[in-house]
Amino acid sequence: MRPSLLLQKLLFQLSQAILWCCSSILIIAIIILFQHVSAENLPNNETVPAVIVFGDSIVDSGNNNYISTIVKCDFSPYGRDFGNGNYPTGRFSNGLVPSDIIAARFGVKKLLPPYLDPNLLLEDLLTGVSFASGGAGYDPLTSKLMSVISLTEQLNMFKEYINKIKEAVGENRTSMIVSKSIYIICIGSDDIANTYVQTPFRKIQYDIPSYTDFMASEASNFFQELYKLGARRIGVFGVPVIGCVPSQRTISGGILRACSYSTNQAAILFNSKLSNQMDALQKKFPDARFVYLDSYNPFLDMLQNPTKYGFAEVEKGCCGTGNIEVSILCNRYSLNTCSNDSDYIFWDSYHPTQKAYFVLSSLILDHKIKDFF
């Protein structure tokens, strides 16, 4: 007798926990040198009132701490280098994540808090938050499989956010904050690496070309909903070389743990479609800025030329064996966790180290900042 969908979901969550928290893969990509952060560096003496982030684990600063899901990391050794050290906050790294670095890069603040943090102050809201949830995707099924916050739910929280600040500071100031803020979307890796590759649900309906069409359509719909709500400065990260993440090497790379060629090709195909969708939206809404942020090629260069960027290890993460540990499998009992994480591009088997996030940020954002204004 065929198992129920509920049973399939539970089995999948247990067996794939390891892949999922991972969210959007490392992409990391995002952001720019923390030390160089200053609003004075922005074009035309622009100032940015807030940074608003949507996405998955790459930019989740702790929202998953407050929901019922196995995709969590609010425990050691996560946060080993955060602040004064050994402070797990729910960020999927040893320290800062792109949402923090981006907020600092645009001269807003040094840490971007999760929207679900019950201790948020008004000032926290006025300068921006992250709605991201580790394990989410453009495909609604991706979030359902891991019981995390979908993009639709993230959008609903943003609507709630707008109402909160409107009650506090009035409609005029709220309108200014919404229209002049920087919006970052970092998501999509889990759709390809996990929902499509690791489960049968979407393969029945789609081949890779049609699935990436579906993803790109969902992405475009989301961006247009953001526009309707007043967003005008929208930056979107493409999917990185997800087939080269340690967990993907372990699962799909054979005895030599090679990069998954088919997964990377799917990422390239999706990125092309995503970029085209954003070009189309730019023409449709000329008063906005839709900025495509390529994380695939910069990250590939880091993996192929690690010494150029100050890294030594690219095939495994720092946590445990580095081959498969992520989220709940990366914990204080993980044996052989490295002491020299600055040599590693990956912190766990799916997410980069804080150092890698900083390096990637510069490669991805430095030459794109001007496009937001």
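This is a predicted model: local features need pLDDT of at least 70, side-chain atom pairs count only at pLDDT 80 or more; totals for chains, interfaces and linings use all residues.
The second largest pocket is lined by Gly 137, Tyr 138, Pro 140, Ser 150, Leu 151, Thr 152, Leu 155, Glu 218, Asn 221, Phe 222 and Glu 225. Helix H5 (151-169) and helix H8 (208-228) are the elements that each give two or more residues to this lining, and H8 gives the most, with four. Helices here are DSSP runs of H or I with at least four residues, strands are runs of E with at least two, and both are numbered from the N terminus. By type, the lining of the second largest pocket splits into five nonpolar, four polar and two charged residues.

Residues are numbered from 1 along each chain as its sequence is written, and side-chain values use heavy atoms, with hydrogens and water left out.

The second largest pocket has a volume of about 180 Å³, and the largest one comes to about 250 Å³. A pocket is an open set of points on a 1 Å grid over the protein atoms alone, where a 1.4 Å probe fits, with protein on both sides within 12 Å along at least five of seven lines; lining residues have an atom within 4 Å of a point. Grid points are joined across faces, edges and corners, and the volume is the space filled by probe spheres set on them.

As for the largest pocket, 16 residues line it, and Ser 61, Arg 91, Pro 113, Pro 114 and Asp 117 lie nearest its centre.

Most residues other than glycine have a negative phi, and most peptide bonds are trans. The bond from Ser 76 to Pro 77, though, is cis, with omega near 5°; Pro 77 sits in the loop between strand S1 (51-55) and helix H2 (98-105). Asn 86 belongs to the loop between S1 and H2 and has a positive phi near 55°. Asn 44, in the loop between helix H1 (5-20) and S1, also has a positive phi, of about 55°.

Asn 44 counts as exposed because its relative accessibility is 68%, where exposed means over 50% relative accessible area (1.4 Å probe, protein chains only). Asn 86 is exposed as well, at 60%.

Key: Buried means under 20% relative accessible area, exposed over 50%, partly exposed in between (1.4 Å probe, protein chains only). Ala, Val, Leu, Ile, Met, Phe, Trp, Tyr, Cys and Pro count as nonpolar, Asp, Glu, Lys and Arg as charged, and the others, Gly among them, as polar.
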